[in-house]
Amino acid sequence: MNYSQVTSCICIPKAILLQPKTNWTSSKSGNERRAGHWTHVPRNVNMEGLRSGYLFPEISIREHEHIQKNPNARLIRLGIGDTTQPIPDIITTAMAEHADALSTTRGYRGYGAEQGNMELRMAIAETLYRGTGVKGSEIFVSDGAQCDISRLQMLLGSNVKVAVQDPSFPAYIDTSVIVGQSGKLEEKTGKYSDIVYMNCGAENNFFPDLSTTPRTDVIFFCSPNNPTGSAASWKQLKQLVDFAKTNGSIIVYDSAYAAYISDESPRSIFEIPGAKEVAIEISSFSKFAGFTGVRLGWTVVPEELKYSNGFPVIEDFNRIVCTCFNGASNIVQAGGLACLSRDGYQAVCNVVDYYKENAKILVEAFASLGLKVYGGKNAPYVWVHFPGMSSWNVFNEILEKTHVVTVPGRGFGPGGEEYIRVSAFSHRENMMEASLRMKKLFR
């Protein structure tokens, strides 16, 4: 669910992202900063609560600066989780054929259902949710899981209390800030006052202590987790579902990396009895099928999920989708359907296996240096511990001395300090070369 990693934001000028906070309100002295015409429209106060600059564009800025200083260096990008292997041709052929058909009278299609092509919705249910009771009518096809996070926040509104894993994917927190759920940022702790941060570190096997977790209305939970790479067990998810049911909470479950699970860990929250009464699940074709730039995802909203007044949540989400979205591209949905065909599914699984082998190479490289390494088995991310060190300092040292881009753990929340996340999304030769450079640096 780190999905496309807001690559559309990478072009934001450095001057805008890094400028110091400025008091733009008028002052008695008349020395306020003005440039050109000002409207009388106030800025959304929630936007003022965001940290300056989103994590991944900030990394791109530092990467660009490094390239300017070291123009001859061969940079290896293991930071932003963007896929690198070609999409299997059985899938691209299906998209190309659909696109070609649009130029004919018989093949032309205009608007489709906002909820998605029913054939694709049924294929998702039958292929990825077999045995869980999830129906095609409960699946809403979208342009990506990250977009669906925002739509769900619109659905939930500002008057709910949310909990997030710490560390966690930044979009859960940032969208909470934008819709007004977060309270004030506490500079000392790096946390927002009205968000509950559930510690999910190595000391508790990357699963929160629910006995000490206060009740919230909404629980954002990602498994396999981005950034730690940890997948929750059936027993752990049963505890989470029971916890939500006891507290009357809704779980927003992010399963974007489910295809990478290599053990008996559940691939969906709906494998747990009772989950359809307390959970929504978002997922994506981005990391499963290499659709980071193609854009296709889905959200499951069960019919059994009800608000406190008994009204079905699915009806409100359907209204949100119909109001704010005209449906995913019909060309892309043709590609999604091809992914779920027998041969297409095998082809994308082969690509997933390629990335899993990359992750194994990274795990072995860092472990050989005596470092604590997590993830890499059930997710395409490796989570490496550098005790007592600033994660941004580690990031900078690796970039400057090895020309390898990683991600500082602090960018995923206070619980990510002392860690870096390393992505397995790259070509095999890059994995081997990056491993050699790391060994030279830290040996």
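This is a predicted model: local features need pLDDT of at least 70, side-chain atom pairs count only at pLDDT 80 or more; totals for chains, interfaces and linings use all residues.
Me: Let's start with the overall layout. What are the domains of this chain, and where do they lie?

Reply: The chain is divided into domain 1, made of 55-84 + 344-442, and domain 2, which covers 89-341. Their centres, taken over C-alpha atoms, are 25 Å apart. The contact takes 30 residues from domain 1 and 39 residues from domain 2.

Me: Why are H13 and H14 called roughly perpendicular?

Reply: The axes of helix H13 (residues 391-402) and helix H14 (residues 428-442) cross at roughly 110°. Angles of 65 to 115 degrees count as roughly perpendicular, so H13 and H14 are given that name. Their axes also come within 10 Å.

Me: Which residues make that contact?

Reply: H13 brings Glu 397, Ile 398, Lys 401 and Thr 402, while H14 brings Arg 437, Met 438, Leu 441 and Phe 442. Sorted by class, the contact has four nonpolar, one polar and three charged residues.

Me: Now for single residues. What makes His 37 exposed?

Reply: The relative accessible area of His 37 is 72%. You can find His 37 in the loop between helix H1 (14-18) and helix H2 (45-48). From His 37 to Glu 304 the distance is 52 Å, C-alpha to C-alpha, and they are 267 residues apart in sequence.

Me: Why is Arg 267 called partly exposed?

Reply: Its relative accessible area is 36%. Buried means under 20% and exposed over 50%, with partly exposed in between, so Arg 267 is partly exposed. Look for Arg 267 in the loop between strand E8 (250-254) and strand E9 (279-284).

Me: What is Arg 267 in contact with, leaving aside its neighbours within four places in sequence?

Reply: The partners of Arg 267 are Ser 255, Ala 258, Ala 259, Ile 261, Glu 281 and Tyr 345. Gly 411 is 26 Å from Arg 267 in space, C-alpha to C-alpha, and 144 residues from Arg 267 in sequence.

Me: Let's finish inside. Which residues touch the most other members of the largest nonpolar core?

Reply: They are Phe 56, Ile 124, Ile 251, Phe 285 and Phe 291, out of 91 residues in that core. Domain 1 and domain 2 each supply at least three residues to this core. A second, separate core has 20 residues, including Ala 359, Phe 366, Leu 371 and Ile 420.

Me: What does Ile 251 contact, leaving aside its neighbours within four places in sequence?

Reply: Ile 251 is in contact with Ile 219, Phe 221, Leu 240, Val 241, Ala 244, Val 278, Ala 279 and Ile 280.

Notes:
Residues are numbered from 1 along each chain as its sequence is written. Side-chain values use heavy atoms; hydrogens and water are left out. A nonpolar core is a set of buried Ala, Val, Leu, Ile, Met, Phe, Trp, Tyr and Cys residues joined through side-chain atoms within 4.5 Å. Buried means under 20% relative accessible area, exposed over 50%, partly exposed in between (1.4 Å probe, protein chains only). Domain bounds come from an automatic or database domain assignment. Contact means heavy atoms within 4.5 Å. Axes are lines fitted to C-alpha atoms, for helices over the stretch in contact, and angles run from 0 to 180 degrees between N-to-C directions. Helices (H or I, at least four residues) and strands (E, at least two) are DSSP runs, numbered from the N terminus. Angles under 35 degrees count as roughly parallel, over 145 as roughly antiparallel, 65 to 115 as roughly perpendicular and the rest as oblique. Ala, Val, Leu, Ile, Met, Phe, Trp, Tyr, Cys and Pro count as nonpolar, Asp, Glu, Lys and Arg as charged, and the others, Gly among them, as polar.
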